[in-house]
Amino acid sequence: MATKTTENNTTSSSAEKKMQVDNANVNEKEMKDAPLHKFFVDALKDIYYAEHKLVDALQTMHDAATTEELKDAFEDHQLQTKKHISRLDKVFKLIDETPEQKKCEAMDGLIKEGEEIIKSTEEGTMTRDAALIIAAQKVEHYEIASYGGLAQLAITMGHDKAADLLEKILQEEEDTDYNLTEIAETSINFDAEQED
Ligand SMILES: [Fe+2]
Ligand SMILES: [Fe+2]
């Protein structure tokens, strides 16, 4: 009796396995067709594009800045930004999607604003540094909103590993934003106010 049960189990378990695989394929296809999944992938492509653009933009801001502390902050964040790109590569892989960039109008606009600031302020001034900090913080806030939302969506959809990676990036964006505020408030804003 016991043997028979085992045999039955063995037979049914291989059939079950096949069914499970079939179900998994159906589920995977259903998951990929779900509107929320499509939106999630689209939003990932948007921020993936933004991060690529930022590598160059942070270099431009670094070169335009005067204060050593601010230059260092831009340089450090440029390195982090490259890490964000490779973490996003992993996120795409985890959800079985191809990493692709999708033009992000918002980031293009924010970067353009940064370039305008460089054009309209004088080299070597604290006014330019103060303005560059605000431009950089606008970028960070865009990223914070994006990663905050994406991490929550990943949790909701059961992509726990992807959510962990997105939260790691989010934390670094928040730290950068905080650090930039510190740099502005310690000296740059006061020195800028003295300039004529
Ligand atoms: Fe980033
Ligand atoms: Fe950032």
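**Close-up views of a predicted helical model**

View 1. The model is predicted: local features need pLDDT of at least 70, side-chain atom pairs count only at pLDDT 80 or more, and totals for chains, interfaces and linings use all residues. Residues are numbered from 1 along each chain as its sequence is written, while chains are lettered from A and ligands numbered from 1 in the order in which they are written. Helices (H or I, at least four residues) are DSSP runs, numbered from the N terminus. H5 covers residues 126–156. At 1.5 Å a residue, its 31 residues should span 45 Å, and its end C-alpha atoms are 45 Å apart, which agrees. The expected span is 1.5 Å times one less than the number of residues.

**View 2. H4 against H5.** The two helices pack at an angle of about 175°, with their axes 9 Å apart. Axes are lines fitted to C-alpha atoms over the stretch in contact, and angles run from 0 to 180 degrees between N-to-C directions. H4 and H5 are therefore roughly antiparallel (over 145 degrees; under 35 counts as roughly parallel). H4 contributes Ala-106, Met-107, Leu-110, Glu-113, Gly-114 and Ile-117; H5 contributes Ala-131, Leu-132, Ala-135, Lys-138, Val-139 and Tyr-142. Contact means C-beta atoms, placed from the backbone, within 7 Å.

**View 3. H2 against H4.** Helix H2 (residues 35–64) packs on H4 at an angle of about 10°, with the axes 10 Å apart. That makes H2 roughly parallel to H4. Ala-50, Lys-53, Ala-57, Met-61 and Ala-64 of H2 meet Met-107, Ile-111, Gly-114 and Ile-118 of H4.

**View 4. Thr-121 in the H4–H5 loop.** Thr-121 sits between helix H4 (105–120) and H5. Thr-121 is partly exposed, with 18 other C-beta atoms within 10 Å. The cut-offs are 20 or more for buried, 12 or fewer for exposed, and in between for partly exposed; C-beta atoms are placed from the backbone. Neighbours within four places in sequence aside, Thr-121 is in contact with Thr-127, Arg-128 and Ala-131. Thr-81 is 40 residues away in sequence and 26 Å away in space, C-alpha to C-alpha.

**View 5. Asp-96 in the H3–H4 loop.** Asp-96 lies between helix H3 (68–94) and H4. Its phi is near 60°, a positive value in a residue other than glycine. Asp-96 is exposed, with 9 other C-beta atoms within 10 Å.

Notes
Two residues are in contact if their C-beta atoms, placed from the backbone, lie within 7 Å. Angles under 35 degrees count as roughly parallel, over 145 as roughly antiparallel, 65 to 115 as roughly perpendicular and the rest as oblique.
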